[in-house]
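Subject: Structure handover

Hello,

Here is the structure for your files. My notes on helices, aromatic pairs and salt bridges follow below it.

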Amino acid sequence: MSMCRKIAVSNWELYRKYHENDRIEDYVNHLAGLEEAADRPDRLILREKKLLEAEYEQLLEMVWEKFRNSEIELIPHTYLAVVQKMGIGKIHLPFSLLKKHAVENQLQSMEVIGTSIHSVEEAKEAEQLGATYVTAGHIFTTDCKPGLEPRGLEFLEQVCENVKIPVYAIGGIHPNNIEKIEKSSAAGACMMSEYMK
């Protein structure tokens, strides 16, 4: 595969752990600094599971200000109402929320809709529900899922074979194993720890 897109996935908890820094402004500047990174990502999924909706909205406003004219495509996560209020036509949803919002016909205004899947069946359903891409994982062993067996490259290939939309690998991917993803049928790879460091 020639074109392996790289996707950064944000995690404020990890940033704070690596940098021992609690200032949200510094975190926003760190994310904006990915533009200058040697290994610049094509996309940033702003995924902050620990933030409440109001906190996430505040963070998204700050990050959106930095990324509005960036080469990096910003994809907000989870909070559809916040994203629609801000007029951003892109979102990444947990699979359960994708199903809920699709059933309620709330996704018409979205041009990019991503979701996280953990089985071939979920990938196929996500495509039917209108997802424009999926992240499939976790592929390799990762600290984010301690004790959970990785699904592996065979699983990744099965997902790619069963949907027409782009599939991005996620979970335990770093510079030492990304080559395995580049050789797969996946459209790209998501990395969290590498970009939060």
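Helices (H or I, at least four residues) and strands (E, at least two) are DSSP runs, numbered from the N terminus. The model is predicted, so local features need pLDDT of at least 70 and side-chain atom pairs count only at pLDDT 80 or more, while totals for chains, interfaces and linings use all residues. Residues are numbered from 1 along each chain as its sequence is written, and side-chain values use heavy atoms, with hydrogens and water left out.

Salt bridges

There are 15 salt bridges in the structure, each defined as a side-chain nitrogen of Lys or Arg within 4 Å of a carboxyl oxygen of Asp or Glu. Within helix α1, Glu13 and Arg16 lie three residues apart, about one turn of the helix, and their side chains form a salt bridge at 2.9 Å, N to O. Glu13 is partly exposed at 37% relative accessible area, and Arg16 is also partly exposed, at 25%. (Buried means under 20% relative accessible area, exposed over 50%, partly exposed in between, with a 1.4 Å probe and protein chains only.)

Glu73 and Arg43 also form a salt bridge, with the closest N and O atoms 2.6 Å apart. This pair links distant parts of the chain, Glu73 in strand β3 and Arg43 in strand β2, 30 residues apart. Both Glu73 and Arg43 are buried. The two belong to a network of salt bridges that links Arg5, Arg43, Glu73 and Lys90.

Aromatic rings

Arg43 also lies over the face of Tyr133, 4.6 Å from the ring centre; the criterion is NZ of Lys or CZ of Arg within 6 Å of the ring centre and within 35 degrees of the ring normal.

A search of the whole structure gives four aromatic pairs. Rings of Phe, Tyr and Trp (its six-membered ring) pair if their centres lie within 6.5 Å; planes under 30 degrees apart count as stacked, over 60 as edge-to-face and the rest as tilted. Trp12 and Tyr27 are stacked, at 6.0 Å centre to centre and 25 degrees between the planes. Trp12 is in helix α1 (residues 12–19) and Tyr27 in helix α2, so the pair ties together parts 15 residues apart in sequence. Trp12 and Tyr27 are both buried. Tyr133 and Tyr168 are edge-to-face, at 5.6 Å and 80 degrees. Tyr133 is in strand β6 and Tyr168 in strand β7, 35 residues apart.

Regards
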